[in-house]
Amino acid sequence: MEKNVAANLLLLQSRVKKDPVDYREEFLEQHQHFLSAYEIFRLKPTKENKEFVALVKFLSAVAPCYPQELKNFPTQIAELLEQNALTLTPELRKVLVQSLILLRNRNLLSATALLSLFFKLFRVPDKPLRELLRSHIVGDIRRSNKKKVNQELNRTLQNFMYTMMQDTSSVAPRESLGVMVQLYRKGVWTNDKTVNVIASGIFHPDSKLVGMTINFFLTNVMEKDEDEQDKEEPMTRKQIQMQFSGKLKRKTKSNQRKMRKLLRESANERRKRLREEVNDERQYNYKAVMQLHDAQAYSEKLLAALRRSPHAFEVKAKLMAFLSRLIACHKLSLPSFYSYMIKYTQPHQKYIPQLLKFLAESVHNLVSPTEVEPVIRHIANTFVVDRRPDEVIAIGLNTIREICLRAPLAMDDHPELLKDFVMYKKHKDKGIQMAAKSIITLFQALNPELLPRSDKGRGHQDVVPLKFGEKMVSERDDTAMNLLQKYGDDLDLDEMSSEDMFLSLSGSEYESGASSSEEESDEDKEDSGMDESEGESGDDWEAVDVVLKDEDGETVWNGDDGEVEDGDEAPELVPADKPIDQTRILTDEDWAKLRYLKQKHDAQGTGRMKARKRKLQELRETDVDMDALVGPQKRSKRNYEERLETVLAGREEHKRKFEFGRKRVGGSRTNREKTKNKPYAMMRQKAMSKLTRSSGQKNKVKAAHVEKAKQQRLKKQR
């Protein structure tokens, strides 16, 4: 009976959609039937009723045909779900949610009322239902903000989510946080309010919720929208110009207007890709960390929560990592954090390399030296001790180097401690030697007066120590700026990776401390606007051999022989009166071209380039490389179990190699295999001899074959 009712309703549903006017009486009859079944169902919501389910599906499907008659239908379903969500059966609960989603997709229900109800349904212990709710919430909010930002909806939902984050249950806040994180990574909700609501989840007692919040700030993963994933690559400038040129394309105003529009869209798409490449350089969510309100108060509250945290040590370690990022990004002053970290900086501590990395990242140039001195002394007394293993000493020295890079004044009052570190440069372990020499190199650039006389290096009198709060900035690269000024206009970002690039740099020498006075004549110096004092500095550029080619690949000008074709003048590789970076603001495209030209310049000039150390200002002060912190490690000796496992694996390989019937991997073929490819004329005599064998010969060959197979079978059984 119930199956017949469902089938009849499906047939009526298809007819109502085709002709709503003629089937109005049948629809009203089913609507009255639904109202009576609805009142009965409210009295016994736990009882299964398939007829009621079929009526709900029918009315949800035909609701757009009769909006006035069914204006109270969404409210009735929502009230039924809100009042009896925990007592309904999973099948009926899913049907009611799907009917509300269908009504919302047809704009018969407001987004605010529906999404508020769906957030409350996260408390229901039904995992498939929560997945359905999460996917619809994210998709509905994304569609509502696609054309323009719906401020009213966003403000209402964000306020409601903040109350959901304070919920006593653990599932509802976790799902609400997952929705906000997904919306942020899709680029829908990226405002400060969303980030601060997410940041409030770090104080929740649930460990999983705390871990989700920390992972949001410590990972930089932005998900692309579905429309952006399906979008094809934009056309290049030359492709657009070729599309609107030729004999069949008329040069009208309409076509010119279309071409300018496509060129403008292509340029905007290229700038967008460049910004994404720049943002992907950081290994954490820097934008979200900088959006936190009152970072000083938040960090103090976070440190207090870390002190009394009941979570596992893995969660505590993540809290330390997030707090160190917060201190470094906002340049905060939190002295109690360093005293708290001293307690966990022991060689036997779990995750000690990661903890030392967090400690070094939390130091910046605005931290007082008196706050950092106890940390350095503790690491020196705990790690840099002769009785410790070599790996412990190396990681201790590397950690001190990273701390001194960010706070160089911490060693001013302890030169004797620095001398002890320098003495490890003659240690027998390679990792300790490298760590000690890196400290020497660091202080040769920061404050060489603290080093012993033999380690101060050349030109230490010219080094001016940094004062408190000062930061070393990068120096201007004259070579790259000059190349950008000369050839930047001819470069196309879409074709910079192609092989037929019109610009190729060769024979360049781009080296710190190189002297150009030996290779350039006085006339070249006068033409280039440099004197002898400038040629001796390490920041100058030297002559670059440039080869210019046209679109057909023919050489137009060669800098080696100075030949000029077609009456063109050779370009002068001299800096202009006003450099390009002083006449206008460089765009993202200019910086991309600058990086490309510099990379090409350095790559093709390696023939005469000497090995050099990286400059101090090239070190990133926000990230600490874990491999550089740990240093080179010796290969530990294998224990008995590992060696026995290798021996047994070798035995199995030896047994498999000489197993009967196995096809050989290497080596030459057998004589039997070779005969298959030989010409018939070579094998004719042998083949004819087989035909002329006597019966005795045949029996003899057969007996030998049987005996050989028997011996091989017995050997295999052993």
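What share of the 718 residues in the protein chain is buried? Buried residues make up 40% of them, where buried means under 20% relative accessible area with a 1.4 Å probe, counting protein chains only.

Keep in mind that this is a predicted model, so local features need pLDDT of at least 70, side-chain atom pairs count only at pLDDT 80 or more, and totals for chains, interfaces and linings use all residues. Residues are numbered from 1 along each chain as its sequence is written, and side-chain values use heavy atoms, with hydrogens and water left out.

The chain has 33 helices and three strands; these are DSSP runs, numbered from the N terminus, with helices (H or I) of at least four residues and strands (E) of at least two.

Now look at helix H10, residues 192–199. Its buried residues are Thr194, Val195, Val197, Ile198 and Ala199.

| Helix | Residues |
|---|---|
| H8 | 151–165 |
| H9 | 171–185 |
| H11 | 207–218 |
| H15 | 286–290 |
| H16 | 295–307 |

Next, find helix H22 (residues 415–422) and helix H23 (residues 430–446): their axes come within 8 Å and cross at roughly 135 degrees. Axes here are lines fitted to C-alpha atoms over the stretch in contact, and angles run from 0 to 180 degrees between N-to-C directions. On H22, the contact (heavy atoms within 4.5 Å) uses Leu418, Phe421 and Val422, while H23 brings Ala436, Ile439, Ile440 and Phe443.

Conventions. Buried means under 20% relative accessible area, exposed over 50%, partly exposed in between (1.4 Å probe, protein chains only).
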